[in-house]
Amino acid sequence: MDLIMIILPVFLIFGVGYVSDKILKFDIKSISSMSLYILLPILTFNTFYRNELTIDYLYVFLFTFLLTGILLVITVIWGYFIKSSKEDISAILLGTLFPNSGNYGTPVALFALGATAFDYAIVLMVLHGFVISTVGIFIASFGSGAMITVKEAVINIFKIPVIHGAVVGVIFQMANIRLDEGIMDIVEMTGNAAIPVVMLILGMQLARITKESFDIKDVTAVVSIRMVLSPIIAALLVMIMPVDDTMKMVFILLNAMPVAANSTMLAVQFNVKPNVVSFSTLVTTLISILTIPVCLYLIGI
């Protein structure tokens with residue numbers, strides 16, 4: 001019951017966003033833009049400015065790409081056996097490779113593991129944003145038949161606002177630029193607003209998912225790999241990851257998260273089976289009510 005109570009506040013906020021959007025019909029694009037271009041970059045700046053860079057961040061970066069590569073291979077093989085088309089496999093990959101570390105993972109890490117874990121979760125959120133803006137866009141463009149170039153992929157990386165916040169934070173830390181505590185209090189207060197806002201946004205996005213036709217085998221593949229295999233493989237990888245125990249728990253927890261909301265955006269943008277990806281987002285989010293408490297129990301919470 002205690003583990004359920006950890007994620008209950010998260011789902012209550014999702015629910016507020018869901019119900020509010022059903023009633024008030026918010027302009028999600030404007031709210032998302034505020035979060036994406038103001039709140040989240042300030043949050044990441046504060047995290048990277050206040051926390052000393054260590055070799056652990058490099059290990060997490062490398063292991064994140066290793067896990068992504070392993071899941072990619074598993075998904076492609078799974079798609080081959082269920083006789084999926086190129087477009088189907090691309091849609092499944094958008095669901096299996098990218099966890100919802102921003103809207104969902106970071107608040108759960110905070111509630112379950114505390115402030116230090118929250119900082120680690122922000123770092124992982126930035127890394128996942130980096131991956132989805134490179135690997136994710138390649139996958140989506142491949143499925144639509146409109147392949148992007150390496151140059152375009154690199155440009156897309158520098159369009160990610162949270163990357164800007166992280167880079168500026170690192171520069172300030174390495175250059176030993178000290179900001180006034182009064183200014184940092186404002187920065188921290190503004191950045192902290194990002195978490196409830198992105199949680200409300202996810203609830204609003206779930207409210208907009210419509211019922212469309214899709215192949216159940218594609219959704220089954222996403223659910224099985226994202227919600228079962230991903231955390232298991234993450235747990236195996238941390239056994240050889242030379243980082244502290246809190247970082248290991250955060251790595252497992254965030255890779256147990258449901259499908260990222262950004263995956264749906266890419267699927268819509270490139271018209272790669274958006275019905276499959278959006279429904280997978282809804283299903284995995286609902287299933288996580290059961291799977292996340294199990295994950296928390298298994299990592300020792």
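This is a predicted model: local features need pLDDT of at least 70, side-chain atom pairs count only at pLDDT 80 or more; totals for chains, interfaces and linings use all residues.

Reader: What makes the phi of Lys-273 worth a remark?

Author: Its value is near 45°, which is positive, and the residue is not a glycine. Most residues other than glycine have a negative phi.

Reader: Why is Lys-273 called partly exposed?

Author: Its relative accessible area is 25%. Buried would need a value under 20%, and exposed one over 50%, so at 25% Lys-273 counts as partly exposed.

Reader: How do you know that Asp-88 and Lys-273 form a salt bridge?

Author: The closest N and O atoms of the pair are 2.4 Å apart, and the cut-off for a salt bridge is 4 Å. The two ends sit in distant parts of the chain, 185 residues apart: Asp-88 belongs to helix H4 (residues 86–96), while Lys-273 is in the loop between helix H13 (261–270) and H14.

Reader: Is Asp-88 buried or exposed?

Author: Buried: its relative accessible area is 11%, and the limit is under 20%.

Reader: How many salt bridges does this rule give?

Author: Two. Besides Asp-88 with Lys-273, there is Arg-50 with Glu-188, at 3.5 Å from N to O. Arg-50 lies in helix H2 and Glu-188 in helix H9 (residues 181–192), so this pair ties together parts that are 138 residues apart in sequence.

Reader: Why are Arg-50 and Glu-188 called partly exposed?

Author: Arg-50 has a relative accessible area of 36%, and Glu-188 has 31%.

Reader: Now for H1. How do you know that the span of helix H1 agrees with its number of residues?

Author: H1 has 23 residues (2–24), and at 1.5 Å a residue they should span 33 Å. The C-alpha atoms at its ends are 33 Å apart, so the two agree.

Reader: Where does H1 bend?

Author: At Leu-8, by about 30°, and a proline, Pro-9, follows within four residues.

Reader: Which residues of H1 are buried, and what covers them?

Author: Leu-3, Ile-6, Ile-7, Val-10, Phe-11, Phe-14, Gly-17 and Asp-21 are buried. Their cover includes helix H2 (28–50), helix H5 (101–113), helix H10 (194–207) and helix H14 (274–298).

Reader: What makes Val-19 partly exposed?

Author: Val-19, found in helix H1, has 46% relative accessibility. Since exposed means over 50%, Val-19 counts as partly exposed. It also belongs to a nonpolar surface patch with Tyr-18, Ile-23, Leu-24 and Phe-26, and together these have about 480 Å² of accessible area.

Reader: What comes just after H1?

Author: Lys-25, with a positive phi of about 55°.

Reader: Why does Asn-176 count as exposed?

Author: Its relative accessibility is 56%, and exposed means over 50%. Asn-176 is in the loop between helix H8 (161–174) and H9, and its phi is positive too, near 55°.

Reader: Last one: why is Ser-101 called buried?

Author: Ser-101, in helix H5, has 4% relative accessibility, and buried means under 20%. Leaving aside neighbours within four places in sequence, Ser-101 is in contact with Thr-106, Met-125, His-128 and Leu-254.

Terms used
Residues are numbered from 1 along each chain as its sequence is written. Side-chain values use heavy atoms; hydrogens and water are left out. The expected span of a helix is 1.5 Å times one less than its number of residues. The bend at a residue is the angle between axes fitted to the seven residues ending there and the seven starting there. Buried means under 20% relative accessible area, exposed over 50%, partly exposed in between (1.4 Å probe, protein chains only). Contact means heavy atoms within 4.5 Å. Patches are made of residues with over 30% relative accessible area and no salt bridge: like charges are joined within 9 Å, nonpolar side chains (Val, Leu, Ile, Met, Phe, Trp, Tyr) within 5 Å. Accessible areas come from the Shrake-Rupley method with a 1.4 Å probe; for residues, only the protein chains shown count as cover. A salt bridge is a side-chain nitrogen of Lys or Arg within 4 Å of a carboxyl oxygen of Asp or Glu.
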